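Dear colleague,

Please find below the structure that I am handing over to you.

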Amino acid sequence: MATQKDLCDTIVIGAGIQGCFTAYHLAKHRKRVLLLEQFFLPHSRGSSHGQSRIIRRAYPEDFYTQMMAECYRIWAQLEHEAGTQLYRQTGLLLLGMKENPELKTIQATLSSQGVEHQYLPSEELKQRFPNIRLARGEVGLLDKSGGVLYADKALRALQDVIQQLGVIVRDGEKVMEIKPGLPVVVKTTSRSYQAKSLIITAGPWTNQLLRPLGVELPLQTLRINVCYWREKVPGSYGVSQAFPCFLGLDFCLAPHHIYGLPSGEYPGLMKVCYHHGNNADPEERDCPTAFSDIKDVHILSRFVRDRLPDLEPEPAVMEHCMYTNTPDKHFILDRHPKYDNIVIGAGFSGHGFKLSPVVGKILYELSMKLTPSYDLTPFRISRFLGLGKAHL
């Protein structure tokens, strides 16, 4: 059993990008932090691995656009502290029909928030990006602050920085039991720990930890195919050619968005992915039977063939990661409804990496019972009670 000398201010479960940024903010405020991770670091079992993520301020929801202003500042601060480049500005090009309501909403949000952007009518879009084959009536919206986050590099840098700040990281320790109370007790495969507060950022494993605590959140765990496509002429979709990240809103065969990043991670290969996947148990993600449904890869092949003619229309490399989606695709950032010293960060729905600096700050504020820096109405657990999917 844990003894008094083991008592720390906060235990964070899950050393992905959300858990690490939470530990970062706690440590910056001189809190004693223990970060627990079930796998040995680094690993590729969750949602934070991989070489790249898109960073952008282009969102239909103004609350994300507002949060991103601070995220850019904290990412720059981490770059400075780590002494290495973590972000490359390429711009983000949104592609959609002129009348697309989401495109119009994003344009209005960028305008109201004072974010530098440019509307590109069809003819100008063709001239500027001749290696994108446009659909009739398609236009562009360029978020100039958009770009690429070097994800693996950023996570490693952050893990180094938080340990320099005094955070104790225990990897290879799976949480077996959480005993609520003051202090809260966390039992792992190795030993027990206790703390004044607990923050759960466990990605696809969140409900496994919460069920014994009387909560079942409406989380859907998806396995995502991360696809890379070979350039017919190396560099034609590269950063050196000023090719941006893109987000396709209107591909007729795709009910979900298609996005891409300029070639760079793998020489001569461009990352083009489908923003959805197939239901998966995180414990069985890599089992051979898990790859039977590749409908999304067929959708991507059609998109690449029809819209990106200078890429080979079959993926050259395919990797995998996990999304943990909520029904409305917005995050869960809240306290446990019964135990107010247990805080939950979950449901990042495939777009949480870029926002993790502010997510970590909010989770720190919730655990310390401070007034949150942002309106948390969109992120409360209570929004799901009417759906009958969050059992409390």
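E265 touches Q51, S52, Y228 and K271, not counting residues up to four places away in sequence; contact here means heavy atoms within 4.5 Å. The place of E265 is the loop between strands β15 and β16. Helices (H or I, at least four residues) and strands (E, at least two) are DSSP runs, numbered from the N terminus. Between the C-alpha atoms of E265 and H276, which are 11 residues apart along the chain, the separation is 22 Å.

Please note that this is a predicted model, in which local features need pLDDT of at least 70 and side-chain atom pairs count only at pLDDT 80 or more, while totals for chains, interfaces and linings use all residues. Residues are numbered from 1 along each chain as its sequence is written, and side-chain values use heavy atoms, with hydrogens and water left out.

L261 lies in strand β15. Is L261 buried or exposed? L261 has a relative accessible area of 1% and is therefore buried; buried means under 20% relative accessible area, exposed over 50%, and partly exposed in between, with a 1.4 Å probe and protein chains only. Leaving out residues up to four places away in sequence, L261 touches S52, R53, I54, V148, C245, M270 and K271. L261 and G214 are 47 residues apart in sequence, and their C-alpha atoms are 41 Å apart in space.

Aromatic rings

A pair of aromatic rings is described by the distance of the centres and the angle of the planes. Rings of Phe, Tyr and Trp (its six-membered ring) pair if their centres lie within 6.5 Å; planes under 30 degrees apart count as stacked, over 60 as edge-to-face and the rest as tilted. The structure holds 16 aromatic pairs. In one of them, the ring centres of Y64 and F331 are 5.3 Å apart and the planes stand at 55°, so the pair is tilted. This pair links distant parts of the chain, 267 residues apart: Y64 belongs to helix α2, and F331 to the loop between β18 (311–325) and β19 (332–335). Both Y64 and F331 are buried.

Y228 and Y266 form an edge-to-face aromatic pair, with 4.8 Å from centre to centre and 85° between the planes. Here too, distant parts of the chain are linked: Y228 is in strand β13 (residues 220–231) and Y266 is in the loop between β15 (258–261) and β16 (269–274), 38 residues apart. Y228 is buried, with a relative accessible area of 2%, whereas Y266 is partly exposed, with a relative accessible area of 23%.

Y59, F63, Y64, F331, F348 and F379 form one aromatic cluster. The charged end of R56 sits over the ring of Y59, 4.0 Å from its centre; this description requires NZ of Lys or CZ of Arg within 6 Å of the ring centre and within 35 degrees of the ring normal.

Two helices in contact

How do helices α2 and α8 cross? The axes of α2 (residues 62–82) and α8 (residues 356–367) come within 7 Å and cross at roughly 100°. Axes are lines fitted to C-alpha atoms, for helices over the stretch in contact, and angles run from 0 to 180 degrees between N-to-C directions. The two helices, α2 and α8, are therefore roughly perpendicular to each other, a term used for angles of 65 to 115 degrees. On the side of α2 the contact is made by M67, E70, C71, I74 and W75, and on the side of α8 by S356, P357, V358, K361 and I362.

Backbone features

Most residues other than glycine have a negative phi, and most peptide bonds are trans. The peptide bond from L182 to P183 is cis, with omega near 5°, and P183 is found in the loop between β10 (175–179) and β11. A242 is not a glycine, yet has a positive phi of about 60°; A242 is found in the loop between β13 and β14 (245–248) and counts as exposed, at 55% relative accessibility. K329, also a residue other than glycine, has a positive phi near 70°. K329 is found in the loop between β18 and β19 and counts as partly exposed, at 34% relative accessibility.

With kind regards

Key
Angles under 35 degrees count as roughly parallel, over 145 as roughly antiparallel, 65 to 115 as roughly perpendicular and the rest as oblique.
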